[in-house]
Amino acid sequence: MEQNVVRFRFGAVIAPAGSPCPVAPGKDEKTGRDDVGCLVIEERAGARLGDIADAWDDLARRALERNVFVERAFALAAMQHIAGGQATSALLVWRERGDGRQLAGLLLLAARRRLDVPGLLRGWHVPLSGLGTPLIDADSSEAVAAAIIDHLCRRSRAGAGLVLPMLATKGPVAMTFAAAARARGLPVEALDRHERAVLDGGQDAERLLQINLSAKKLKDLRRQLRRLGDHGRVRIEEARDPQSVRDATEVFLGLEASGWKGTRGTALLQDRGTATFVRTMTRLLAREGRCHVETLLVGEMPVAAALVLQSADQAWFWKIAYDERFARFSPGVQLTLALTHRQLAETTLTRTDSCAIADHPMIDRLWSERMAVADLFIGLHRADDVRTRMTLRFELMRRWLHGAAKRTYHMLKP
């Protein structure tokens with residue numbers, strides 16, 4: 001994609017592309033904060049993001065809402081190793097001041113798909129990720145969101161709508177983009193809204209489980225754990241340093257491939273690029289102390305393993321796998337119970353996201369808190385514009401047809 005640069009101050013164009021960017025001291029009249037400077041939007045091909053590694057990492061640390069799945073270790077590794085995982089382009093929002101420039105926003109855009117809705121832009125949902133929340137600087141979030149929306153509205157080829165996938169609906173990023181759109185008279189809709197389980201910090205694990213599980217269920221789980229002990233000493237091993245994480249990740253990959261996903265051909269280990277992505281991503285995060293692997297062992301035999309990712313005070317219970325030969329002892333549930341205790345013992349964590357589907361039969365019973373997630377549609381023309389109305393209507397129809405096709409497939413599947 002050709003490079004396109006436009007300059008903004010608080011979302012208003014102040015200089016044409018290619019001209020000097022005037023930077024004046026002062027304060028934002030609306031917020032009273034120091035002047036955010038001149039916001040410059042740059043469009044790049046997804047393959048050309050390797051040289052902004054330091055700026056990307058710095059933005060992640062300053063982000064209004066942390067999202068490990070859009071941070072460099074996860075997203076760039078996915079682009080490099082997962083087939084079809086390449087984001088077509090990225091919108092980079094640079095803040096230019098007299099003392100230099102700093103990355104203030106990063107929105108990855110997806111490639112157009114076959115039979116996609118004409119005129120609809122989509123944020124890139126990174127493969128295997130649990131959230132698509134873009135990174136925007138906390139100190140200038142309103143200006144960055146406004147600049148992105150204004151830029152897309154002014155691009156004649158941008159289309160009639162933008163979908164930001166998999167956002168926490170009550171999260172600050174979704175609310176900031178929605179507010180910026182509504183301030184411009186643009187329509188905003190939450191699509192495919194659903195809730196999933198999360199574990200909020202500051203709770204007592206034993207009390208939480210006693211509230212969420214019946215006495216009979218707790219008794220059954222303890223009995224299963226004792227029966228599991230008949231096969232050897234039961235213990236939990238936690239891997240945190242890079243070498244231990246590397247070894248434990250291989251255990252996880254092997255367990256997953258040994259089960260039903262391996263039978264279906266969908267296990268991570270069965271695709272070379274995807275397996276390389278998982279190994280690379282977990283190793284990079286482990287170097288920063290942001291990935292740990294919990295393994296449930298019976299004697300020396302691993303029977304369940306879970307991968308947990310972290311960014312600042314947020315964590316994601318990303319993947320779990322277990323040895324199906326021990327299914328009658330509920331090894332996945334046993335490991336999740338242990339993980340619940342460990343996550344709540346981490347006093348610096350405010351939330352662990354289950355990354356689970358809605359109404360998950362296991363985690364929903366253990367973790368009672370919920371987080372609403374949806375795709376955020378923002379019209380790039382006013383609500384009464386026929387292009388916006390038709391784009392949203394076609395997108396809703398496409399989603400309904402996709403859901404109907406999936407339901408039919410599962411009904412007919414032997």
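Q: E288: buried, exposed or partly exposed?
A: E288 counts as partly exposed, at 44% relative accessibility. Buried means under 20% relative accessible area, exposed over 50%, and partly exposed in between, with a 1.4 Å probe and protein chains only.

Q: What should I know about the model before going on?
A: This is a predicted model, where local features need pLDDT of at least 70, side-chain atom pairs count only at pLDDT 80 or more, and totals for chains, interfaces and linings use all residues. Residues are numbered from 1 along each chain as its sequence is written, and side-chain values use heavy atoms, with hydrogens and water left out.

Q: Which residue does E288 meet in a salt bridge?
A: R290, at 2.8 Å from N to O. R290 is buried, at 14% relative accessibility. A salt bridge here is a side-chain nitrogen of Lys or Arg within 4 Å of a carboxyl oxygen of Asp or Glu.

Q: How many salt bridges are in the whole structure?
A: A search finds 33. One of the pairs is D137 with R95, whose closest N and O atoms are 3.0 Å apart.

Q: Where do D137 and R95 lie?
A: D137 is in the loop between β7 (135–136) and α3 (141–154), and R95 is in strand β4 (residues 89–97), so the pair ties together parts 42 residues apart in sequence. Helices (H or I, at least four residues) and strands (E, at least two) are DSSP runs, numbered from the N terminus.

Q: Is D137 buried or exposed? And R95?
A: D137 counts as buried, at 2% relative accessibility. R95 is buried too, with a relative accessible area of 5%.

Q: What about R279, which residue is its salt-bridge partner?
A: E250, with the closest N and O atoms 2.6 Å apart. R279 lies in helix α9 (residues 272–287) and E250 in helix α7 (residues 242–257), so this pair ties together parts 29 residues apart in sequence. R279 is partly exposed, at 32% relative accessible area. E250 is partly exposed as well, at 34%.

Q: Switching to R328. Where is R328?
A: In the loop between β13 (314–322) and α10 (331–345). R328 counts as exposed, at 56% relative accessibility.

Q: What does R328 touch, leaving aside neighbours within four places in sequence?
A: Q224 and H231. Contact means heavy atoms within 4.5 Å.

Q: How far is R328 from R227?
A: They are 101 residues apart in sequence, and 9.6 Å apart in space, C-alpha to C-alpha.

Q: New topic: helix α4. How many residues, and what span?
A: Helix α4 (residues 172–183) has twelve residues and reaches 16 Å from its first C-alpha to its last. That is close to the 16 Å expected at 1.5 Å a residue. The expected span is 1.5 Å times one less than the number of residues.

Q: Which α4 residues are buried?
A: V173, A174, T176, F177, A178, A180 and A181.

Q: What do the buried residues of α4 pack against?
A: β7, α3, β8 (161–168), β9 (188–200) and β15 (369–379).

Q: Which residue with positive phi follows α4?
A: G185, with phi near 75°.

Q: Last one. Where is L401?
A: L401 is in helix α12 (residues 386–412). L401 is partly exposed, with a relative accessible area of 47%.
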